[in-house]
Amino acid sequence: METGLLLGFFKLIVALVVVIGLAYLSLKLGKTYMDGLGSGKNVKVLETVPVHSKAYISIVKIGEDYMAIGISEGKMDVIKSFSEEEGRALAEKTLANRNNTQFITVKEWIGTLKNDAKKSKK
């Protein structure tokens with residue numbers, strides 16, 4: 001009886017290792033695939049912030065134009081278009097923040113965008 005129990009336990013451990021290995025492999029391959037999708041030359045998503053479970057605000061660069069886009073289920077709206085100067089400043093901030101990740105609320109993020117827009121108008 002003990003040998004059957006040990007054999008069953010060994011099979012369980014081997015199966016667990018295989019499942020964890022497959023999960024790790026699929027995550028690695030999935031990341032590689034997803035990174036390849038975002039490598040377009042004309043369209044780049046600089047930052048995306050979830051507002052609701054199925055709604056997001058994204059800062060995107062399309063060609064030389066920068067804009068904030070509201071994305072919800074089945075709908076996309078341009079919230080604001082930025083000047084080239086504002087857009088470059090946003091892109092630089094986004095790249096800097098990727099290295100120094102911090103979590104802010106959507107309200108704080110929108111306030112930052114408004115303050116940056118006010119500063120650039122002066």
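In what order do the elements of the protein run from the N terminus on? The order is α-β-β-β-β-α-α, and the secondary structure comes to three helices and four strands. Helices (H or I, at least four residues) and strands (E, at least two) are taken as DSSP runs and numbered from the N terminus. The model is predicted, so that local features need pLDDT of at least 70 and side-chain atom pairs count only at pLDDT 80 or more, whereas totals for chains, interfaces and linings use all residues. Residues are numbered from 1 along each chain as its sequence is written, and side-chain values use heavy atoms, with hydrogens and water left out.

Of the 122 residues of the protein, 17% count as buried; buried denotes under 20% relative accessible area, exposed over 50%, and partly exposed the range in between (1.4 Å probe, protein chains only). The protein exposes about 10000 Å², of which carbon and sulfur atoms supply 64%. Accessible areas were computed by the Shrake-Rupley method with a 1.4 Å probe, and for residues only the protein chains shown count as cover. Among contacts (heavy atoms within 4.5 Å) with a separation of 6 or more, 24% are between residues 24 or more positions apart.

The pairing of the strands was examined next, two strands being paired if DSSP finds at least two bridges between them. Strand 2 (residues 55-62) and strand 3 (residues 65-72) run antiparallel and are joined by eight bridges; Val60 has Met67 in strand 3 as its bridge partner. Two residues lie between these strands in their hairpin, where Gly63 takes a positive phi near 65 degrees. Strand 3 is also joined to strand 4 (residues 75-82), in an antiparallel arrangement with seven bridges. In this pairing Ile69 stands opposite Val78, and Tyr66 stands opposite Phe82. Strand 3 and strand 4 likewise form a hairpin with two residues between them, and Gly74 in the turn has a positive phi of about 80 degrees.

Tyr66 and Phe82 also belong to the largest nonpolar core, whose 11 residues are Leu46, Val49, Ile57, Ile59, Tyr66, Ala68, Phe82, Leu90, Ala91, Trp109 and Leu113. Two or more residues of this core come from each of strand 1 (43-52), strand 2, strand 3, helix 2 and helix 3 (106-121). A nonpolar core is defined as a set of buried Ala, Val, Leu, Ile, Met, Phe, Trp, Tyr and Cys residues joined through side-chain atoms within 4.5 Å. Leaving aside neighbours within four places in sequence, Leu113 is in contact with Ile59, Phe82 and Leu90.

Thr94 is placed in helix 2 (residues 84-99) and counts as buried, at 7% relative accessibility. Beyond its neighbours within four places in sequence, Thr94 is in contact with Leu46 and Glu47. Thr94 and Glu47 are 47 residues apart along the chain, yet their C-alpha atoms are separated by 6.8 Å.

A nonpolar patch on the surface is formed by Leu7, Phe10, Val14, Val18, Leu22, Leu25 and Leu29, which together have about 680 Å² of accessible area. Patches are made of residues with over 30% relative accessible area and no salt bridge, like charges being joined within 9 Å and nonpolar side chains (Val, Leu, Ile, Met, Phe, Trp, Tyr) within 5 Å. Val18, a member of this patch, lies in helix 1 (residues 2-37) and is partly exposed, with a relative accessible area of 46%.

Side chains of opposite charge can pair when their charged atoms come close. The structure holds four salt bridges, each defined as a side-chain nitrogen of Lys or Arg within 4 Å of a carboxyl oxygen of Asp or Glu. Lys54 forms a salt bridge with Glu73, with the closest N and O atoms 3.5 Å apart. Because Lys54 lies in the loop between strand 1 and strand 2 and Glu73 in the loop between strand 3 and strand 4, the pair ties together parts that are 19 residues apart in sequence. Both Lys54 and Glu73 are exposed. Another salt bridge brings together the side chains of Lys75 and Asp77 (3.6 Å, N to O); Lys75 is partly exposed at 48% relative accessibility, as is Asp77 at 38%.

In helix 2, Glu84 and Arg88 lie four residues apart, about one turn of the helix, and their side chains meet in a salt bridge (2.4 Å, N to O). Glu84 counts as partly exposed at 38% relative accessibility, and Arg88 counts as partly exposed at 42%. Glu64, Glu84 and Arg88 are linked in a network of salt bridges.
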